[in-house]
Amino acid sequence: MTLQDSVQAILDGGVARGDVAGATAEIVSPNEVLCSAAAGVRSLHEEAAGPMTSDTVCWIASMTKALTGTAAMQLTEGGRLHLDTPAAEVLEHLGTVGVLEGFDAQGSPLVRPARAPITLRQLLTHTAGFGYEIWSEDLLRYHEVTGTPTIRTCRRAALDAPALGDPGEQWLYGTNIDHVGLMVEAASGMRLGDYLQQHLLGPLGMDSTAFGISADMRARLATVHIRGDDGALGAMGRFEMDQEPEVQLGGAGLYSTVEDYCRFLQMILGRGTRDGVQVLRPETVDRMVVNNMGTLRVVPLPAAIPGVAGDVEFYPGIEKSWGLTFQINEEPLPTGRPAGGLMWAGLANSFYWIDMQNQVAGTYISQQFPFGDPRTFGLFDSIERACYTALA
């Protein structure tokens, strides 16, 4: 069975079992699409919903982070941003944001100054201290008590929420890359989406990737689904990112396709160049794909809003660090991915991996909650295993 046949069979089986309403996947080398497959429908809600295809537009959520991180690294090449100087030199509010220590007897939040300045490297590695309320009961309570908008609202005030830890002391997954997006805007003088379009998306031919959903993209847009208590999937109501956001979220705001995202992965495999177009220097990519957090390590994320995301840790028992801006498995994985592999994901259960050693990468996209659903992650895992079986 060819890799194409194997991946198609995995997706077909997932749809038949109800693991997903629809999903799409693509595996690439630097210069070639090794396989491209899709199965199911874009929506279970619409009777005439079209099939999932490789050009189906999906909310890629935190898969946005790697693109925003790439933009920041472009700006470090020109000296407009710096990895290890205080980020408050670019974004003043990062010098005054506090650390949430708890709540007093009246339920008011206790916030103190941070013990050290935040740097761009810490933001890119999720070691600056910022969290997400979906994995922090304290931060969820802070938003409820103070009325501070959550990051989902795309409001600027959401980024004034306090950190949960001091810079450089632990890995905390959160709004770090949204702050990076604001740094890109401050350093470039451009709105984040415009910067990405001019310096990354346009040059790489990622024509279906944007914060705003164009009419052409909307015609190919997939619906987000949710798994009920009975295990069945149902389409959610209108769920999409604000189309006129106050802040274009560098950590979670983009819509894209599996085809487009794999163009980005090919650029990383090509150490900054895809199809003859260079967007990063080779040495910059080399810096991005290795551990940038020292002895700190990735830890499990405990669910605070289970309907949105469960307890999450990819590859438990495997030591994991962070690059700029990818999770790195420091040990070989059962899938076949060697030590030093890169990956991350999006909240609606989309995933990618990059293997610089074997020069292969892949993307799998579904659109459903809760994040970390083992049934849809299992399809991604099976696709990666099929890839390495084919490479053997």
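A crossing of two helices is right-handed if the near helix is turned clockwise from the far one by less than a right angle. I applied this to helices α1 and α10, and α1 passes α10 in a right-handed crossing. I note at the outset that the model is predicted.

**Entry 1. Helices α1 and α10**

I looked up the geometry of helix α1, residues 3–17, against helix α10, residues 374–391. Their axes come within 9 Å and cross at roughly 165°. Angles over 145 degrees count as roughly antiparallel, and α1 is therefore roughly antiparallel to α10.

I then listed the residues in contact. From α1, Leu-3, Ser-6, Val-7, Ile-10, Leu-11, Gly-14 and Arg-17 take part. In α10 they meet Arg-375, Leu-379, Ser-382, Ile-383, Ala-386, Cys-387 and Ala-390. By class, I recorded nine nonpolar, three polar and two charged residues in the contact of α1 with α10.

**Entry 2. Helices α2 and α6**

I turned to helix α2 and helix α6, the latter spanning residues 192–201. Their axes lie 10 Å apart, and the helices pack at an angle of about 75°. Because angles of 65 to 115 degrees count as roughly perpendicular, α2 and α6 are roughly perpendicular to each other.

On the α2 side I found Leu-67, Thr-68, Thr-70, Ala-71, Gln-74 and Leu-75. These meet Leu-192, Tyr-195, Leu-196, His-199, Leu-200 and Leu-201 in α6. The contact of α2 with α6 has eight nonpolar and four polar residues, and no charged residues.

**Entry 3. Thr-68**

Is Thr-68 buried or exposed? Its relative accessibility is 0%, so Thr-68 counts as buried. Setting aside neighbours within four places in sequence, I found Thr-68 in contact with Ile-177, Val-180, Gly-181, Val-184, Leu-192 and Gly-250.

I examined strand β14, residues 350–355, and found six of its six residues buried. In a regular strand the side chains alternate between the two faces of the sheet.

Which strands pair with β14? Strand β13, residues 341–346, pairs with β14 in the antiparallel sense over five bridges. Trp-344 stands opposite Tyr-352 in β14. The two strands form a hairpin with three residues between them, and Asn-349 in the turn has a positive phi of about 70°.

Strand β15, residues 360–366, also pairs with β14 in the antiparallel sense, over six bridges. The bridge partner of Ser-350 in β15 is Ile-365.

I looked up an open sheet of three strands, in the order β7-β6-β16, with mixed pairing. Its edge strands are β7, residues 233–235, and β16, each pairing on one side only. Strand β6, residues 225–227, runs parallel to β16 and is joined to it by two bridges. Across this pair, His-225 stands opposite Gln-368 in β16.

**Entry 4. Backbone exceptions**

Most residues other than glycine have a negative phi, and most peptide bonds are trans. I searched for departures from this.

I noted a cis peptide bond from Leu-324 to Thr-325, with omega near 20°. Thr-325 belongs to the loop between β11 (320–322) and β12 (327–329). A cis bond also runs from Phe-369 to Pro-370, with omega near 0°. Pro-370 lies in the loop between β16 (368–369) and α10.

For positive phi, I recorded Ala-61, at about 50°, in the loop between β3 (58–59) and α2. Ala-61 is buried, because its relative accessible area is 1%. Asp-275 has a phi near 50° and is placed in the loop between β9 (273–274) and β10 (277–278). At 65% relative accessibility, Asp-275 counts as exposed.

Conventions. Residues numbered from 1 in each chain as written. Predicted model: local features only at pLDDT ≥ 70, side-chain atom pairs only at ≥ 80, totals over all residues. Heavy atoms only, no water. Axes fitted to C-alpha atoms, helices over the stretch in contact; angles between N-to-C directions. Helix = DSSP H or I, 4+ residues; strand = E, 2+ residues; numbered from the N terminus. Parallel < 35°, antiparallel > 145°, perpendicular 65-115°, else oblique. Contact = heavy atoms within 4.5 Å. Nonpolar A, V, L, I, M, F, W, Y, C, P; charged D, E, K, R; others polar. Buried < 20%, exposed > 50% of the residue type's maximum accessible area, 1.4 Å probe, protein only. Pairing = 2+ DSSP bridges.
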